[in-house]
Amino acid sequence: MENKMSGNFTEGKILSPLVRFMLPIVGALFLQAMYGAVDLMVVGLFGDASSLSAVSTGSSIIQMVTMFVSGLTMGTTILIGRHIGENDPKRAGKTVGAAICLFVVVAVVVSVLMFALVMPLTQVMQVPEEAIGQCVSYLQICGAGMIFVTAYNVISGIFRGIGNSKLPLIFVAIACVVNIIGDLLLVGVFHMDVAGAALATIAAQAVSVILSLVIIKRTGLPFEFNKKMIRFHKHEIKSMLMLGLPIALQDTLTSLSFVLVNSMVNSLGLLSSAGYGIASKVINFIMLIPSAFMQAMSAFVAQNIGAAKPERAKKALFLGMGTALCVGTVMFLIGCFGGSLLSAIFSTDAQVIAASASYLRSFSLDCIITCVLFCFMGYFNGCGRTKFVMIQGLIGAFGVRIPLSYLICRTVGSLFLMGFATPAASLVSGIICIFYYRYLRNKE
């Protein structure tokens with residue numbers, strides 16, 4: 001089972017393999033965040049505030065859709081990891097085949113919905129009138145390329161399941177380079193503005209997927225897989241949906257909560273909209289460590305649960321949590337006190353930078369809280385408790401973040417105070433996770 005393509009987490013040390021597995025995930029997430037960031041940076045250099053608003057709003061909607069696809073692929077990651085822990089390579093191959101069939105359907109449905117709902121989405125988002133046309137263009141182009149976004153997430157999910165996080169990093173690194181070159185050409189040289197940024201992003205994803213398929217064909221997978229396995233295996237698809245759908249819904253609805261916050265901020269005017277858009281891009285970077293630990297924890301725990309080693313999974317939870325907290329504290333300090341410097345990367349407008357930094361000062365507290373929360377989420381996902389992860393996420397998002405953001409927006413209209421809504425939601429979710437973990441321990 002073990003070769004250069006895979007990693008076994010059921011034996012030996014815990015923290016060092018977990019960190020080694022997590023670091024390429026950080027790199028991949030960093031480069032994924034660079035997609036939207038590069039778009040925003042280049043558009044900010046060659047466009048105006050309406051262009052910034054269009055890209056920031058459009059990319060937040062695309063991110064929500066991507067979160068759904070990525071969450072759904074977590075079902076594939078967990079299931080493959082479980083089969084590897086059970087030493088059942090045949091079922092791992094069937095899972096890959098079923099995943100290909102399932103996500104082709106998902107990609108087509110998502111693309112159709114993106115085109116059908118593009119105008120209602122801009123209305124719901126309260127996009128400033130000056131930016132509506134460009135936002136629609138951005139969403140339509142990205143919607144047409146969702147097949148490549150879906151394919152990348154499926155391929156990455158498969159490799160994380162077999163314990164290989166290095167190849168997804170290589171795939172997204174290639175895409176990031178292509179995206180940067182495309183942005184500079186289409187936006188900077190050919191002056192295609194927002195449409196050019198969207199085209200560069202989709203082209204980059206397409207190149208990444210094609211190259212990743214070439215690599216897979218040459219190296220193969222660490223278990224038997226052939227074309228005959230690409231079928232709608234009912235049991236595998238059902239298992240993937242049972243595990244992945246709650247994660248997808250939780251990720252999507254959580255992302256939707258941020259989209260709704262974006263909509264509230266848009267109602268405050270173009271300056272606040274642009275400032276919040278830049279702050280969102282900065283947040284994508286400073287929250288990389290908790291997100292990477294969650295993904296790594298899911299795969300690590302899934303293999304150990306499959307191998308009937310629950311105590312090893314629990315040790316991984318607390319070792320990962322302690323490590324993540326150390327890094328999260330540093331990211332909190334950077335976000336709180338370096339917000340202006342970070343925001344200045346994306347814009348030269350002093351007022352936009354000030355608005356972004358104001359939001360970051362309060363939001364950055366979330367860096368510390370999510371180090372605990374995301375490790376718990378990764379652990380529960382790996383254990384197959386994905387429905388609970390969905391429930392606690394929805395409580396935090398719609399029970400705390402949205403009501404608190406709406407109250408602040410309608411009363412004082414302060415970006416700084418609105419930034420506290422997210423750490424407040426994470427704190428509530430974290431407390432729920434602690435009680436649920438203790439409940440499971442007592443149940444055992």
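Predicted model: local features only at pLDDT ≥ 70, side-chain atom pairs only at ≥ 80, totals over all residues.
Glu11 belongs to the segment before α1 (15-46), whereas Lys309 sits in the loop between α11 (288-306) and α12 (310-337), so the pair ties together parts that are 298 residues apart in sequence. Glu11 is exposed, with a relative accessible area of 55%, while Lys309 is partly exposed at 26%. As a general point, side chains of opposite charge can pair when their charged atoms come close.

The count of salt bridges in the model comes to three. Another of them joins the side chains of Glu236 and Arg91, at 3.2 Å from N to O. Glu236 is part of helix α9 (residues 234-266) and Arg91 is part of helix α3 (residues 89-116), so this pair ties together parts that are 145 residues apart in sequence. Glu236 has a relative accessibility of 2%, which means that this residue counts as buried, the limit being under 20%. Arg91, at 26% relative accessibility, counts as partly exposed.

A further salt bridge links the side chains of Glu311 and Lys314, at 3.2 Å from N to O. Both residues are in helix α12; because they are three residues apart there, about one helical turn separates them. Glu311 is partly exposed, with 44% relative accessibility, whereas Lys314 is buried, with a relative accessible area of 4%.

## Two buried residues in helices

Ser53 lies in helix α2 (residues 49-85). The relative accessible area of Ser53 is 0%, so this residue counts as buried. Apart from residues up to four places away in sequence, Ser53 touches Pro128, Ala131, Leu270 and Ser273.

Gly93 is located in helix α3, the helix that also holds Arg91. Gly93 is likewise buried, at 0% relative accessibility. When neighbours within four places in sequence are set aside, the contacts of Gly93 are Phe223, Glu224, Phe225 and Met229. Between Gly93 and Asn284 there are 191 residues of separation in sequence and 34 Å in space, taken from C-alpha to C-alpha.

## The packing of α9 and α10

Helix α9, which contains Glu236, packs with helix α10 (residues 270-286) at an angle of about 150°, and the two axes are 8 Å apart. Angles over 145 degrees count as roughly antiparallel, and α9 and α10 are therefore roughly antiparallel to each other.

Which residues of α9 and α10 meet? On the α9 side they are Phe258, Val261, Asn262, Val265 and Asn266, and on the α10 side they are Ser272, Ser273 and Tyr276. Sorted by class, this contact has four nonpolar residues, four polar residues and no charged residues. Ser273, one of the α10 residues in this contact, is also among the residues that Ser53 touches.

## The largest nonpolar core

The largest nonpolar core of the model has 135 residues. Within this core, the residues that touch the most other members are Phe159, Tyr359, Tyr379, Phe380 and Met418. Which helix gives the most to this core? That helix is α1, with 15 residues.

Notes:
Residues numbered from 1 in each chain as written. Heavy atoms only, no water. Helix = DSSP H or I, 4+ residues; strand = E, 2+ residues; numbered from the N terminus. Buried < 20%, exposed > 50% of the residue type's maximum accessible area, 1.4 Å probe, protein only. Contact = heavy atoms within 4.5 Å. Salt bridge = Lys/Arg side-chain N within 4 Å of Asp/Glu carboxyl O. Core = buried A, V, L, I, M, F, W, Y, C linked by side-chain atoms within 4.5 Å. Axes fitted to C-alpha atoms, helices over the stretch in contact; angles between N-to-C directions. Parallel < 35°, antiparallel > 145°, perpendicular 65-115°, else oblique. Nonpolar A, V, L, I, M, F, W, Y, C, P; charged D, E, K, R; others polar.
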